[in-house]
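Colleague: Could you take me through the aromatic side chains in this model, one part at a time? I would like a close look at how they sit.

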Amino acid sequence: MIATNLFSTLPKDLSSEVFETLAQGNNVRIERIVSEGQCTANNQWYDQDDHEWVILLQGSAVIRFANSSSANATLTYLSPGDYINIPAHTRHRVESTDSDNITVWLAIHY
C-alpha cells in the first residue's frame with residue numbers, strides 16, 4: 001500500500017474544474033474535485049442517479065438547490081469541514097467557488 005495525500009498532488013492547470021476518481025466499487029465512487037473560481041454553466045443543473053455525500057476540505061463554495069421554496073433558502077454556503085448529503089435526483093448547481101484560493105472537495109457517490 002502506498003499512502004497519498006489529497007493536497008500534495010493538486011493539478012497545476014485549473015482553467016476548468018478537475019474531477020479525479022480516487023476509488024470505486026460496485027455501488028460507490030469516491031472522487032476529488034479541485035476548483036478555482038469555477039461554477040456550473042448558466043441554466044445547467046446536476047440531476048444525478050446516485051446520492052452524493054460531499055465535504056469541502058479547502059476553499060469555499062456556494063451550492064444552489066432547484067427545489068427550495070424560498071429564494072434565500074436555495075443557497076448553501078460551504079466552508080472547510082462543511083459537508084452535505086445530496087439525494088439522487090436533487091437538482092443542484094455550484095453557484096461559485098473561491099476565486100482567490102484553490103477549493104478541494106471530496107465526493108462520495110453511492
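Modeller: Happy to! Let's start with a charge over a ring: R93 lies over the face of W45, 5.8 Å from the ring centre. That label requires NZ of Lys or CZ of Arg within 6 Å of the ring centre and within 35 degrees of the ring normal. Please keep in mind that this is a predicted model, where local features need pLDDT of at least 70, side-chain atom pairs count only at pLDDT 80 or more, and totals for chains, interfaces and linings use all residues. Residues are numbered from 1 along each chain as its sequence is written, and side-chain values use heavy atoms, leaving out hydrogens and water.

Next come rings facing rings, where the structure holds one aromatic pair. W53 and Y83 form this pair, with 5.3 Å from centre to centre and 40 degrees between the planes, so the pair is tilted (Phe, Tyr or six-membered Trp rings with centres within 6.5 Å; under 30 degrees is stacked, over 60 edge-to-face, the rest tilted). Because W53 belongs to strand 3 (residues 52–58) and Y83 to strand 6 (residues 83–86), the pair ties together parts 30 residues apart in sequence. Strands here are DSSP runs of E, at least two residues, numbered from the N terminus. W53 is partly exposed at 25% relative accessible area, whereas Y83 is exposed at 54%; buried means under 20%, exposed over 50%, and partly exposed in between (1.4 Å probe, protein chains only).

Finally, F7 sits in the segment before strand 1 (18–24) and is partly exposed, at 37%.

Note on methods
Helix = DSSP H or I, 4+ residues; strand = E, 2+ residues; numbered from the N terminus.
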